[in-house]
Structure formats: structure tokens, C-alpha cells
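Please open the structure in your viewer and keep the sequence beside it.

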Amino acid sequence: MADEGNAALIYAELLRGEEVAVSDKDRALLSVLEYALDPVSLLESNMNGRKFVQLALPDGLLDPNDDEFTLRTPWRSADHPELRQWLDTHRDRIGRLLTAARKPACYFPLVPEPNRMGLFDVPTGALGQCVCLLRRDANNDIAEGRMGAALVKYQAMISMGRHFEAQPSAEHLSNGIACESCALRHLIVSIVTGVATESDLDHFAIDGAHLVDRWKSVRKGINQVRNAFARGLEDHRLRRFRLYQWYKSLRFGDKGWFEDIHRKSYHRLLCERRAATIVIALRRFKNRTGHWPDGLAEIASSLNPLALIDPQNGGSYVYERTPEAFRLHSTGPNGRDESGRHAWKGPDDWPIWPPPGGRETTKHSDANDV
């Protein structure tokens, strides 16, 4: 791959810095994990724990409630001037992240090379901090009317997520899924409640290739790399943990990296991708007619057929026209319509609109038919 097309080179440049010191509590946990996790999982756990001092919000900059608020919802510079100033100190980093996101591919070598970060050297904890920079900056853009700038940052998060989902590592996959899923939720809110033009919708249309279920290929790539890497690493696990993992691999096919959990996360993300395609088509209909459609049949002819299939169960999404706008949800892995409700060890529907939790994260400006 030509270097100019490889986003990993920019990520490697940005994911270096002074690391946050490991707390005594985390240090004690790591010492326990060393004897419980297989060598590759231990490497990945260490990657996730690495964060940078310069990317952490300074103590006292925000009230803890505002910390979460500015990540999830639009906020104005006048309300949080210190946060705006702090984000401005990272303007170059944000620009470089946008540049990396535009690259067509991302490849980290399995082992470090001169001036290149190896696959298992990527500090995924710091990657999460970089994503938070983009989220906060985009949310500020929305609150202050810079919709185009916000949508560019959400699109960058989607591209970054796909870059890391493409790596043959469970840790990268998990972080990539979290990044893309977060961006899709922000994007859906913007499309439904904002003033999304046809040009905006054209820009964020999801290519049909990204609607295909590639889980078997993803799983195969991760297992191949884990098996190859494990042979060169010292295994500190206690004998009983090794025997237990061996038993699980024979009895349940478990590969030691919570394969089933990652499969569910992958298919939920794919569900959200396909649903985002539906939401874009719903918005096009709204732009054209002045009202939301009464059913998905009214937009089906404009969609890739895959977009209407819920990958979590092979069935259909549930759409309902409401006085306010509409409701759209997946019926989850069990395939039963539970009125869009989702709970731990309970109903497993996955709401698309209104968003999970039932709270819309931007003020309605166009969701009603007005």
C-alpha cells in the first residue's frame, strides 16, 4: 500500500505522547490479569489502558455533569468558554484526524517497523480520547449553527471507526465499533432534527459494500493473527485458567477473546448502519413531500434491499408513523417486537429513533411536520 493512502501513518504520529500514570488500583488489576488472560488478550488490555495527559480534560475544567453533557449534546462556547479554549489548543490535532479519516485505508504492521507503530502498540485508550475531541467540537459546531462542519466531523468518526474495525485485533474491532456507532447516532439525530439538504444526504449515503455482513471474514482474520502472535509470547496464566480455556474452546468454540460478545456488537453496528440508510431515505421523502412516510414500503424502492434486513435476526425493522415524527427500531437478536424497549437481561429491541434511552440529543427544529 502506498504510504500516502495509509491512515495508520497519521494515527501513529498522533498516538504518541506522555501517558497518564497507571493508578495503584489499575496496577493491581493488571497484575491479576497477567495470570488470567491469554497473552494476546493481555496485550490488548494494556493497549486500552494507555491514555495521554495532553488529551485528558484538566482537573476542574468542567463539572462532572457537564463533562458528559458536552460529549452527548450540543453546547455553546458562551456556556463553557474554558472548554472552547482548551479545544482550540488541539486545533492542529483535530485537523490531522480529519485528514487521516479521509485516507482510503489503514494498515498497521503486525510488528513495529522503523517509524511505524505495530498493531499491538496502538494506545487505543488515547484513540478514544481523540474521538472525544471530535465529538465535543462537533457538538459545539451544531449549537452554533455550523452544521456542515459538524457533519464532516461525524463522518470522520465513521471513517476512523471503519479504519480500526479493519484491523485483525479484537481490541481494535471493539474500539472501531464504538467510534462508528457513536457517530451514526449523532448523524441520525442531525438528519432527523436538523435541516439536512439533499447535498448533505448525498454526502452521507452509505455505500452498499458497508451493508454486507462480513463477520465470518472478520472473525477468521482475528483468529489467525491471535494464533500466530500467541506462539511468540510467554503465557503467564495459571494452569487452571489454561485448562478452562482449552475446555471452552472444545466445548463452545470460544477462542479466548469473547468472540460471541464481539459478534453481537458487530451485528448491532451493522443494524445501525442499515438503519441509518433507512433514515436517510426517510429524510429524502420528508424533504420531497413535507411529511414523513406512513410506512417503509413508500421508500423501499429507493433502498438497497440489504438496508431493510435487520442483521441481528434476519427480519425487518419496525417503523411507525407518530404525531411527532416516527419510531424506528430493530427487534434485536430474539426477533420479537417488544415495542422498542431495551434492557439488560430483558427486552432486546434496539431503538434507532428516538435514540436509545428515549432522549433526543438535539432540540427539534424539523422532526415535526411543520
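How many salt bridges does the count come to? A salt bridge is taken here as a side-chain nitrogen of Lys or Arg within 4 Å of a carboxyl oxygen of Asp or Glu, and by this rule the count comes to 27.

Before selecting anything, note that this is a predicted model, in which local features need pLDDT of at least 70 and side-chain atom pairs count only at pLDDT 80 or more, while totals for chains, interfaces and linings use all residues. Residues are numbered from 1 along each chain as its sequence is written, and side-chain values use heavy atoms, with hydrogens and water left out.

**Stop 1: confidence**

Colour the chain by pLDDT, the predictor's confidence in each residue, from 0 to 100. The protein chain averages 90, and 95% of the residues score at least 70. Now select residues 359-370, where the pLDDT is below 50, although this stretch has 35 contacts in the model beyond near neighbours in sequence; contact means heavy atoms within 4.5 Å.

**Stop 2: salt bridges**

Select R226 and E44, which form a salt bridge whose closest N and O atoms are 3.3 Å apart. This pair links distant parts of the chain, since R226 sits in helix α11 (residues 215-230) and E44 in helix α3 (residues 39-48), 182 residues apart; helices are DSSP runs (H or I, at least four residues), numbered from the N terminus. Both R226 and E44 are buried, where buried means under 20% relative accessible area, exposed means over 50%, and partly exposed lies in between (1.4 Å probe, protein chains only).

Next, select E272 and R185, another salt bridge, with the closest N and O atoms 3.8 Å apart. E272 belongs to helix α13 (residues 259-289) and R185 to helix α9 (residues 170-193). Are these two buried or exposed? E272 counts as buried because its relative accessibility is 4%, whereas R185, with a relative accessible area of 35%, is partly exposed.

**Stop 3: the interior**

Select Y11, F108, M160, F326 and L328, which touch the most other members of the largest nonpolar core, a set of 92 residues. A nonpolar core consists of buried Ala, Val, Leu, Ile, Met, Phe, Trp, Tyr and Cys residues joined through side-chain atoms within 4.5 Å. In soluble globular proteins, nonpolar side chains tend to be buried together. If you centre the view on F326, you can find the residues that F326 touches, among them V192, L282, W292 and W353.

Move on to A7, which is found in the segment before α1 (8-14). A7 counts as buried because its relative accessibility is 0%, and the residues touching A7 include A100, K103 and H163.

**Stop 4: helix α12**

Finally, select R239, which is found in helix α12 and, at 64% relative accessibility, counts as exposed. R239 and Y35 are 204 residues apart in sequence, yet their C-alpha atoms are 9.2 Å apart in space.

Notes
Helix = DSSP H or I, 4+ residues; strand = E, 2+ residues; numbered from the N terminus. Lists of a residue's contacts leave out its neighbours within four places in sequence.
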